[in-house]
Amino acid sequence: MENLTMVTPLKQPIVFELEGFYIPPGFGPLLFFLALFTYMVVLLGNGVIVYVIVMDKNLHRPMFVMVCHLLVCDLLGSTAVLPGLMMHFLMERKRIAYIPAIAQAFSVHTYGVAVQTVLGVMAYDRYIAVCEPLRYHAIMTSARLHSCCALAWLLALLLIAVLFGFHMNVPLCGRVILHVYCSNRGILGLACIPTPASNIYGQSVVYAIDD
């Protein structure tokens, strides 16, 4: 069992310690500004591209619409990790409460799966464009495009919701997460009992979306 630090289950409120990084004394503000700069670059870069695609009607085509969805995925992933990391650097405390930890882990995993499902929609779009070029516009209509993108997000959310459903009623016996952010495995690694169902399901999802 990973990070098992207590024999008896913890009671709420649970506060985790993130031990995936070391902050040298006095370097917290510098690391904070570096992380802030990185986050601002991510927001500005993705935001400008999304704005251009939304405002320019000539870019309202399937590939550009799906690029927007990928940019939203990028914003979700960076927002799930960087703001919390900045607070850890600024306050020089690496703690996170249970509910924010679950929310961060859920967002990070949703980002990872949504990227794959959106890429799957992009692959389907390219398949239609190559194999059915004369019927492409009849097949890939605006309604079908938005339905496919919505299905990609819905599938990602559903897969991750089921994954985190395994957290219900699982007692935790540790507080130390050996990572810079919270993840499903990082949290369940602190469980007082084995979690084979979560492990099998998580590996199945990974293999399914990678293939």
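Some ground rules before we start. Residues are numbered from 1 along each chain as its sequence is written, and side-chain values use heavy atoms, with hydrogens and water left out. Because the model is predicted, local features need pLDDT of at least 70 and side-chain atom pairs count only at pLDDT 80 or more, while totals for chains, interfaces and linings use all residues.

**The fold**

The chain has 7 helices and 3 strands; helices are DSSP runs of H or I with at least four residues, strands are runs of E with at least two, and both are numbered from the N terminus. Going along the sequence, you'll find them in the pattern β-α-α-β-α-α-α-β-α-α. The C-alpha trace spans about 65 × 40 × 25 Å along its principal axes. Of the 211 residues, 38% are buried, meaning under 20% relative accessible area with a 1.4 Å probe and protein chains only.

The 3 strands make an open sheet, ordered β2-β1-β3, with mixed pairing. Its edge strands, β2 (95–97) and β3 (176–177), each pair on one side only. Strands count as paired if DSSP finds at least two bridges between them. β1 (residues 15–18) pairs with β2 in the antiparallel sense over 3 bridges, and V15 has A97 of β2 as its bridge partner.

**The pockets**

A pocket here is an open set of points on a 1 Å grid over the protein atoms alone, where a 1.4 Å probe fits, with protein on both sides within 12 Å along at least five of seven lines; lining residues have an atom within 4 Å of a point. The volume is the space filled by probe spheres set on the points, which are joined across faces, edges and corners.

| Pocket | Volume | Largest share of lining |
|---|---|---|
| Largest | about 360 Å³ | α7, 8 residues |

The largest pocket has 18 lining residues, and H109, L163, N184, G202 and V206 lie nearest its centre. Two or more lining residues come from each of α3 (98–131), α5 (142–165), α6 (184–188) and α7 (196–210). By class, that lining has 8 nonpolar, 8 polar and 2 charged residues. Ala, Val, Leu, Ile, Met, Phe, Trp, Tyr, Cys and Pro count as nonpolar, Asp, Glu, Lys and Arg as charged, and the others, Gly among them, as polar.

As for the second largest pocket, its lining includes H60, R61, Y136, H137 and H146. At least two of its lining residues come from each of α2 (62–91), α4 (136–139) and α5.

Definitions and conventions:
Buried < 20%, exposed > 50% of the residue type's maximum accessible area, 1.4 Å probe, protein only.
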